[in-house]
Amino acid sequence: MPRFLAVYTMKSEDLARFRNLPKPEQNAIDTAGLKQWADWEERNAASFPDRGGMVGKTTRVTKDGIAGAVNPFCGYIVVEAETIEAAARLFENHPHFSVFPGDGVDIMPFLTDPAPSA
């Protein structure tokens with residue numbers, strides 16, 4: 001079955017706006033959103049060979065060295081689906097952006113087979 005990398009994205013200004021909400025409001029959003037997210041993962045568990053996770057600040061390595069960097073990535077999950085369209089449909093109305101201040105989910109096909117596990 002084809003595999004896809006789904007990357008959760010979030011604009012820094014949207015996260016800042018969320019963090020500026022009163023703490024009880026943030027907590028209420030977290031409570032509702034995390035429940036919806038867990039339910040979504042449970043409903044679609046067969047499609048996720050790697051549930052991934054949320055990620056923090058970025059460090060970029062280039063020919064010029066190592067430095068901090070900024071990008072919109074805030075998490076990922078690996079999806080198995082017949083097509084990229086089928087993978088995308090799994091994320092329609094996802095709590096990442098329907099409850100939380102997420103921007104979207106970028107979905108990309110893996111072009112190479114993953115290395116075998118050791």
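Me: What should I know before starting?
Reply: The model is predicted, so local features need pLDDT of at least 70 and side-chain atom pairs count only at pLDDT 80 or more, while totals for chains, interfaces and linings use all residues. Residues are numbered from 1 along each chain as its sequence is written, and side-chain values use heavy atoms, with hydrogens and water left out.

Me: How many helices and strands does the chain have?
Reply: Helices (H or I, at least four residues) and strands (E, at least two) are DSSP runs, numbered from the N terminus. The chain has 4 helices and 6 strands, in the order β-α-α-β-β-β-β-α-α-β.

Me: What span should helix 2 have?
Reply: The expected span of a helix is 1.5 Å times one less than its number of residues. For the 21 residues of helix 2 (residues 23–43) that gives 30 Å, and the end C-alpha atoms are 30 Å apart, which agrees.

Me: Which residues of helix 2 are buried?
Reply: Buried means under 20% relative accessible area, exposed over 50%, and partly exposed in between (1.4 Å probe, protein chains only). In helix 2 the buried ones are Gln26, Ile29, Gly33, Trp37, Trp40 and Glu41. Seen down the axis, they fall within an arc of 90 degrees, taken from the directions from the helix axis to the C-beta atoms, so they line one face of the helix.

Me: Why can residues apart in sequence point the same way?
Reply: An α-helix has 3.6 residues a turn, so residues three or four places apart do so.

Me: Which residues are exposed on the other side of helix 2?
Reply: Pro24, Thr31, Lys35, Glu42 and Arg43 are exposed there.
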